[in-house]
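Open the model in your viewer and keep the selection tool at hand. The stops follow below.

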Amino acid sequence: MRGDIHNVAVIGAGPAGIATAKQLLAENHFETIDVFEQQASTGGVWNYNPFAPSQDLSIPQTNPHQPLEEPIWECPGPAGQVQPIPLFVTPMYDRLESNIPNFLMKHSDDSSLEDQPLFAGHEGVLEYLNRYAEGVQHLVKFKSQVYDVRLEKDNGKDQWLVCTRDLISSRVTEKIYDAVVVASGHHYVPTVPDIPGIQKWNEAYPGTITHSKYYRTPDAFKGKKVIIVGNSASGIDIATQISTVGALPLLNSKRSEAPEYQRTAPWKRERPEIAEFLPPSASLPRAVRFTNNEIECSIEAIVFCTGYYYSFPFLSSLCPPIIVTGERVESIYNHLFSIPHPTLAFIGLPYKIVPFRTYEGQAAVVARVWSGRLSLPSDREMRAWEAQRIREKGAGKKFHELTNLEDFRYHNEMVGWALKARPGKGDESTVPPRWSKEDEVVRKNIPAIKRAFAEMGQERFAVGSLEELGMKLW
């Protein structure tokens, strides 16, 4: 690529898409930057849909190849007077608080998230993201769903036909772009494992099994015997909420150890993975067997907090496919560039990360590569990177997982790469800073910080910093 990319489409106007748009705009090179967002506002996954969503979930759910999600329509005023608003089911739920301190979570060029509590609620994060997006709002085409992205060739050069549908008028638009950024996230297709007996159990007790994507409030679990499957951040938080109204002890089935302070929660009983959903019987009603052969019966609700598949239905025409098992993106370099088609990039594939700053670093690299100021390694070197990653992490869900400060090292690598860009018209001040040693100390101590914050009860909402929390880490 020698700067011959001039027209770029960005899919998604959430945190990743807006960070990308800012970096592309600051490069002062691209003639067209179109950001497509199917929702009515920026914010992406942080948009909270308060309406109880209808659960359209197969049990089990093991297929990443799902169609595009259909909107839920809200009419905010009298019929015929106000344009309807398309809403989509996100994993956002009532009373959700972030699991990253505000000063670490914020974008590098906007510190206003620090005006929120130390662990901001979803309303505060969305407010922050909408404000952060103001400088690129003019690039965003709202209520526009990308339904197909097709690879085309022009004199041997990759180009992309992007097909969109206006969700209000149903008008279809097709446009050719030199490059496409996929920044639409990966919280779309839930994972519910195929555990022996689960399908028949679900048929016998319909509505009992759900996924965290469809959770909104604990009210529906009042007085019920509940199993939470998984101990990720959402699993721990949802379990804590349900424990205030559900029958105790709440059961938490998990594969890995929970944080120490969660293991000692008096309202919870930890269990290993579910080995089998037992057939309905009078002696063992609504029963499951765990891998340690313990049996629990009279289960009234099961919430799977087991994550999501990677799924990009608008890219289904690509061959070879980028999604096979749904556990990772195939033929990818540095969690970022498609190896066979490097004018296709993905922002935000890694998980277990501090996300916003990671997106900034990734986007800074993409903008500079596509403007011609940075070069990609050879195809052979990029495939060698992918092969090495598979040797280290496997070809499954851990491929994009960045743990034990790996996300900090990855971000610093992205920043270092972006800063090697050749001189041009771009604004170098937009490259985010590297993470510092002090940041690393905070990152390592987030569980302890979160615990101290939670223990303050209602008073925590007035706490906006480590100093106000009374914690000293250095």
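**Stop 1: helix α11.** Select residues 446–454, which form helix α11. Its buried residues are Ile446, Ile449, Lys450 and Phe453. Buried means under 20% relative accessible area, exposed over 50%, and partly exposed in between, with a 1.4 Å probe and protein chains only. Look down the axis of α11: the buried residues fall within an arc of 100°, so they line one face of the helix. The arc is taken from the directions that run from the helix axis to the C-beta atoms. Helices (H or I, at least four residues) and strands (E, at least two) are DSSP runs, numbered from the N terminus.

Before moving on, note that this is a predicted model: local features need pLDDT of at least 70, side-chain atom pairs count only at pLDDT 80 or more, and totals for chains, interfaces and linings use all residues. Residues are numbered from 1 along each chain as its sequence is written, and side-chain values use heavy atoms, with hydrogens and water left out.

**Stop 2: helix α10.** Axes are lines fitted to C-alpha atoms, for helices over the stretch in contact, and angles run from 0 to 180 degrees between N-to-C directions. Show side chains here: Val442, Arg443 and Lys444 in α10 meet Ile446, Pro447 and Ile449 in α11. Contact means heavy atoms within 4.5 Å.

**Stop 3: Glu406.** Go to helix α9, residues 406–418, where Glu406 is found. Is Glu406 buried or exposed? Glu406 is buried, with a relative accessible area of 17%. Leaving aside neighbours within four places in sequence, Glu406 is in contact with Arg389, Lys393 and Glu401.

Stop 4: Select β6 (144–154) and β8 (172–177), then β7 (residues 157–166). These three strands make an open sheet in the order β6-β7-β8, with antiparallel pairing. Two strands pair if DSSP finds at least two bridges between them. The edge strands are β6 and β8, each pairing on one side only. The twist averages 20° from one strand to the next. Strands β7 and β8 pair over six bridges. Pick Cys163: its bridge partner in β8 is Glu174.
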